[in-house]
Amino acid sequence: MKALRAATIILLPTLALAAVVITGSARPLQAAARARPSASATGIMINYPIAEDVDGMPSLAFQGTFSRLALVVDSPEGGIIGYDRDTSKVTRFADSAGKSLIDPEAPFGPFAFGDRIVQNGHRLALELESPEAPSPGATSVLATGTIDVSIAHEKRIYTSEPAPLEDYHGVQAGPIQMTIKSYGKANWGDGHELRVVTTASLDAIIQWTAILPDGSRVPLDRRSTMSFDGTSDVTLACETDLGEVAAIEVETWHDPKVRHVPFKIVASVGLE
């Protein structure tokens with residue numbers, strides 16, 4: 001019987017950041033005090049096709065051959081808005097035996113889709129992927145390159161005029177234009193939902209808040225988003241009934257700058 005080769009998953013510890021984090025101010029920080037963003041690896045997954053199932057159990061054969069390397073970019077001061085897949089570069093993605101894992105015919109390069117901004121803008125999570133697996137006997141995967149990350153250090157707050165929460169009513173909060181699609185009780189669970197349509201960059205928005213006629217403030221949590229052709233349909237959830245009229249406050253990151261974040265990763269694979 002042929003030997004079975006299963007997927008190998010190895011988790012790597014995230015590198016610690018030796019930086020002073022300055023918090024508590026929405027004002028621009030002095031350039032000399034800003035901690036630099038850094039990149040590190042958090043995990044690796046490698047899969048070889050399995051020729052047959054084990055005791056009738058499904059194998060990973062249907063997934064084919066692949067390598068995936070999970071990376072994070074950490075910004076101690078937060079403010080991560082996104083990254084540019086087109087200008088970011090991978091200069092090396094290979095195993096310790098010298099085999100390149102970069103597919104020269106891939107239309108989109110090794111940066112995978114599905115990146116995420118987490119921890120309130122302090123971390124960007126992304127992956128490098130390849131349709132190749134390391135050579136038999138390889139002990140590690142090496143990756144080097146630069147990730148072009150948009151980071152802002154200044155915030156702006158824009159507030160609309162009080163507006164009726166009626167379907168198709170336009171609302172303007174500073175440069176952010178939106179149209180109310182609907183407001184009412186949540187379709188699922190308790191609370192209420194406000195749906196708005198906007199062409200604004202959602203990655204730059206930190207918080208939505210409704211301000212009621214009596215001055216009370218109701219945080220709006222972004223429950224879901226559907227985007228198509230530059231337009232986003234956003235569902236904002238709250239526990240409090242907003243009534244019929246409210247102003248919409250939008251807190252955003254302002255004046256983002258592109259930071260070129262280098263990475264150099266050596267990830268052990270442990271294959272035999």
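This is a predicted model: local features need pLDDT of at least 70, side-chain atom pairs count only at pLDDT 80 or more; totals for chains, interfaces and linings use all residues.
Residues are numbered from 1 along each chain as its sequence is written, and side-chain values use heavy atoms, with hydrogens and water left out.

**Overall make-up**

- The protein chain has 18 strands and zero helices; helices (H or I, at least four residues) and strands (E, at least two) are DSSP runs, numbered from the N terminus.
- Of its 272 residues, 41% count as buried, where buried means under 20% relative accessible area, exposed means over 50%, and partly exposed is in between (1.4 Å probe, protein chains only).
- Among contacts (heavy atoms within 4.5 Å) with a separation of 6 or more, 72% join residues 24 or more positions apart.

**Nonpolar cores**

- A nonpolar core is a set of buried Ala, Val, Leu, Ile, Met, Phe, Trp, Tyr and Cys residues joined through side-chain atoms within 4.5 Å.
- The largest nonpolar core has 28 residues, and L69, L71, L128, I147, V149 and F263 have the most contacts inside it.
- At least two residues of this core come from each of β2 (38-47), β3 (66-74), β4 (80-83), β5 (89-95), β7 (123-130), β8 (140-151) and β18 (257-268).
- With five residues, β8 gives the most to this core.
- Leaving aside neighbours within four places in sequence, I147 touches several residues, including L71, V73, Y83, F111, L126 and F263.
- A second, separate core has 24 residues, among them L165, I180, Y183 and V250.

**A buried arginine**

- R123 lies in strand β7 and counts as buried, at 17% relative accessibility.
- Its side chain makes a polar contact with the side chain of D74 (2.6 Å).
- A polar contact is a pair of N or O atoms within 3.5 Å; within protein, one must be able to donate a hydrogen and the other to accept it, and residues adjacent in sequence count only if both atoms are side-chain atoms.

**Strand β13 and its partners**

- Strand β13 (residues 192-198) is mostly covered, with five of its seven residues buried.
- β13 pairs in the antiparallel sense with β12 (residues 176-185) over seven bridges; two strands pair if DSSP finds at least two bridges between them.
- M178 has T198 in β13 as its bridge partner.
- Six residues lie between the strands in the hairpin of β12 and β13, where G189 takes a positive phi near 75°.
- β13 also pairs with strand β16 (residues 231-238), in the antiparallel sense and over seven bridges.
- In that strand, A237 is the bridge partner of E193.

**The second largest pocket**

- The second largest pocket is lined by 13 residues, of which N187, E193, R195, S224 and T235 lie nearest its centre.
- β12, β13, β15 (217-228) and β16 each supply at least two residues of this lining.
- On a 1 Å grid over the protein atoms alone, a pocket is an open set of points where a 1.4 Å probe fits, with protein on both sides within 12 Å along at least five of seven lines; lining residues have an atom within 4 Å of a point.

- Q119, in the loop between β6 (116-118) and β7, has a positive phi of about 55° although it is not a glycine.
- Q119 is partly exposed, with a relative accessible area of 49%.
- D255 also has a positive phi of about 55° and is not a glycine.
- At 42% relative accessibility, D255 counts as partly exposed.
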